[in-house]
Amino acid sequence: MTFDEYAAYLAMGVDGIWATTLGGVRMLVGVETYRLAAATFRAGADGDVTAASYLGREGGGFMGSARMPATTNSGKQQEALLVRLGMAGMRVAVCPVWGELSITDIYTDSASGQQHLSLHYLVGDVAAVHADAYQRIKIRLAA
């Protein structure tokens, strides 16, 4: 992978609907992809820059996660997720949270001056409101 190939993957996310600039595209990649991007440099007027730092700065974010699928084809490809962030006031996904319940226990360990606090939330599933704002891609890690 070259620096320019990483930049092209980010540019692929600009669709003119949910992302009109590179700043409207976020990439979630596997750890192997992130490590390679962090080791891929381009010389510039201000010094060397890695593909990972460029994508994070120019894009809406570039993050690595161990929860992404493992590499395929003997380590030559890894799936990634392009997320188009949407327009102001519009959400491409939601995760509902209903209320909060807190319980304060002032009796247990009261001799030592400690209070125990329990918090409970009811959280719903993440729902993609606009599925076309998401795109699964395969990034080539090696020839």
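**Charged pairs, sheet and backbone**

Analyst: Arg57 is exposed, with a relative accessible area of 52%. Please keep in mind throughout that this is a predicted model.

User: What does the side chain of Arg57 meet in a salt bridge?

Analyst: The partner is Glu58, with 3.4 Å from N to O, and Glu58 is partly exposed at a relative accessible area of 33%.

User: How many salt bridges does the count come to?

Analyst: The count comes to four salt bridges. One of them joins Arg140 and Glu5, whose closest N and O atoms are 2.5 Å apart; this pair links distant parts of the chain, since Arg140 belongs to strand β10 (residues 134–140) and Glu5 to helix α1, 135 residues apart.

User: And how accessible are Arg140 and Glu5?

Analyst: Arg140 is partly exposed, with a relative accessible area of 29%, and Glu5 is also partly exposed, with a value of 28%.

User: Which salt bridge involves Arg84?

Analyst: The side chain of Arg84 meets that of Asp15 in a salt bridge, at 3.5 Å from N to O. Asp15 is in the loop between α1 and β1 (25–30) while Arg84 is in strand β5 (residues 77–84), so the pair ties together parts that are 69 residues apart in sequence.

User: Is Arg84 buried or exposed?

Analyst: Arg84 counts as buried, at 5% relative accessibility, whereas Asp15 counts as partly exposed at 31%. The cut-off behind these words is that buried means under 20% relative accessible area and exposed means over 50%, so the two residues of this pair fall into separate classes.

User: What else is around the side chain of Arg84?

Analyst: A polar atom of the Arg84 side chain lies 2.7 Å from the backbone oxygen of Gly13, and a polar atom of that side chain lies 3.4 Å from the backbone oxygen of Asp132. Leaving aside neighbours within four places in sequence, the residues in contact with Arg84 include Met12, Trp18, Ala19, Val92 and Tyr134.

User: Switching to the sheet, what is the order of the strands?

Analyst: There is an open sheet of four strands in the order β4-β1-β5-β10, with mixed pairing. The edge strands are β4 and β10, each of which pairs on one side only, and the twist averages 25 degrees from one strand to the next.

User: In what sense do β5 and β10 pair?

Analyst: β5 and β10 pair in the antiparallel sense, over seven bridges, and Gln78 stands opposite Ile139 of β10.

User: Which strands does α1 lie across?

Analyst: Helix α1 lies across β1, β5 and β10, and runs at about 165 degrees to β10.

User: What about Lys138, where is it found?

Analyst: Lys138 is found in strand β10 and counts as partly exposed, at 43% relative accessibility. Apart from neighbours within four places in sequence, Lys138 is in contact with Tyr9, Gln77, Gln78 and Glu79. If you want a distance for reference, Lys138 and Ala88 are 29 Å apart in space, C-alpha to C-alpha, and 50 residues apart in sequence.

User: Next topic, which residues of α3 are buried?

Analyst: In helix α3 (residues 51–58) the buried residues are Ala51, Ala52, Tyr54 and Leu55. They cover an arc of only 165 degrees around the axis, which puts them on the same side of α3.

User: Is Ser74 buried or exposed?

Analyst: Ser74 is exposed, with a relative accessible area of 79%.

Terms used
Residues numbered from 1 in each chain as written. Predicted model: local features only at pLDDT ≥ 70, side-chain atom pairs only at ≥ 80, totals over all residues. Heavy atoms only, no water. Buried < 20%, exposed > 50% of the residue type's maximum accessible area, 1.4 Å probe, protein only. Helix = DSSP H or I, 4+ residues; strand = E, 2+ residues; numbered from the N terminus. Arc of directions from axis to C-beta. Pairing = 2+ DSSP bridges. Axes fitted to C-alpha atoms, helices over the stretch in contact; angles between N-to-C directions. Contact = heavy atoms within 4.5 Å. Polar contact = N/O pair within 3.5 Å; in protein donor to acceptor, adjacent residues only side chain to side chain.
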